[in-house]
Amino acid sequence: MKKLVLQMQMSVDGFVGDAGQRSWQIWNWGTGCLWDAELKRDFNAVIASVDTILLSRKMVEEGYLSHWANAAKNFPLNDFYAFAQRITDVGKVVLTSKLETSIWDRTVLAKGEISTEVNALKRGKGGDIVTFGGAGLASSLIAAGLVDEYQFFINPAALGNGERIFAEAGFCNLSLLGSKSYSCGIMVNRYAPAR
């Protein structure tokens with residue numbers, strides 16, 4: 001059975017979003033990535049192992065897919081942007097009750113109940129499923145007990161307040177699968193639900 005991996009950028013005090021719109025992530029989509037070479041390599045290795053990306057309607061409407069398709073075209077020889085081509089190439093599933101049709105390449109809409117849709121994806125063949133959030137989708141997946149692995153990219157910033165992803169689920173015990181620090185200041189912590 002495939003597993004669902006949730007990747008999230010997070011502050012050291014557990015927030016995934018900042019209502020104040022401050023710049024707190026070491027890298028946030030743009031072309032000036034400050035991640036070190038080892039983190040870039042590790043990130044690409046994870047993305048290479050998945051064959052489905054699960055996204056929220058809001059994320060695709062805000063330009064996530066077109067952004068990475070453009071990056072794949074603009075940086076075809078840059079090793080770091082291998083993940084952008086992978087995002088373009090793999091199948092994408094958008095969980096939505098509002099969209100009628102998909103306008104994105106290799107992208108289908110899933111309109112059913114979240115547990116039904118995600119469990120059907122998990123029963124499929126191939127590599128794992130990755131989701132990058134946003135906060136609303138991540139919260140719903142966690143509350144429904146659908147996340148098999150958490151990969152938190154901890155940025156060296158404390159926000160004090162903002163969006164959290166565990167509020168809806170309440171108490172969760174997690175088992176540490178691994179932790180790795182990088183010279184750019186990011187620490188990636190990997191967890192599985194303690195079942």
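Is K122 buried or exposed? At 5% relative accessibility, K122 counts as buried; buried means under 20% relative accessible area, exposed over 50% and partly exposed in between, with a 1.4 Å probe and protein chains only. This is a predicted model, in which local features need pLDDT of at least 70, side-chain atom pairs count only at pLDDT 80 or more, and totals for chains, interfaces and linings use all residues. Residues are numbered from 1 along each chain as its sequence is written, and side-chain values use heavy atoms, with hydrogens and water left out.

**View 1. Surroundings of D148.** D148 sits in the loop between α6 (135–143) and β6 (149–155); helices (H or I, at least four residues) and strands (E, at least two) are DSSP runs numbered from the N terminus. Its side chain forms a salt bridge with that of K122 (2.8 Å, N to O), a salt bridge being a side-chain nitrogen of Lys or Arg within 4 Å of a carboxyl oxygen of Asp or Glu. K122 belongs to helix α5 (residues 114–122) and D148 to the loop between α6 and β6, so the pair ties together parts that are 26 residues apart in sequence. The side chain of D148 also reaches the backbone nitrogen of L4 at 2.7 Å.

View 2. The structure holds eight salt bridges. One of them joins the side chains of D51 and K2 (3.1 Å, N to O). D51 is in strand β2 and K2 in the segment before β1 (4–11), 49 residues apart. K2 counts as buried at 8% relative accessibility, while D51 is partly exposed at 23%. The side chains of K3 and E149 meet in another salt bridge (2.6 Å, N to O). E149 is buried at 2% relative accessibility, whereas K3 is partly exposed at 30%. K3, E149 and R190 are linked in a network of salt bridges.

**View 3. W35 and the largest nonpolar core.** This core has 34 residues, and W35, W68 and F83 have the most contacts inside it. A nonpolar core is a set of buried Ala, Val, Leu, Ile, Met, Phe, Trp, Tyr and Cys residues joined through side-chain atoms within 4.5 Å. α3 gives the most to this core, with five residues. Leaving aside neighbours within four places in sequence, W35 is in contact (heavy atoms within 4.5 Å) with residues including Q9, F43, F80 and F153.

**View 4. F166.** F166 lies in the loop between β6 and β7 (174–181) and is partly exposed at 24% relative accessibility. Beyond four places in sequence, F166 is in contact with I142, Y150, F152, C172 and L174.

How values were computed:
A polar contact is a pair of N or O atoms within 3.5 Å; within protein, one must be able to donate a hydrogen and the other to accept it, and residues adjacent in sequence count only if both atoms are side-chain atoms.
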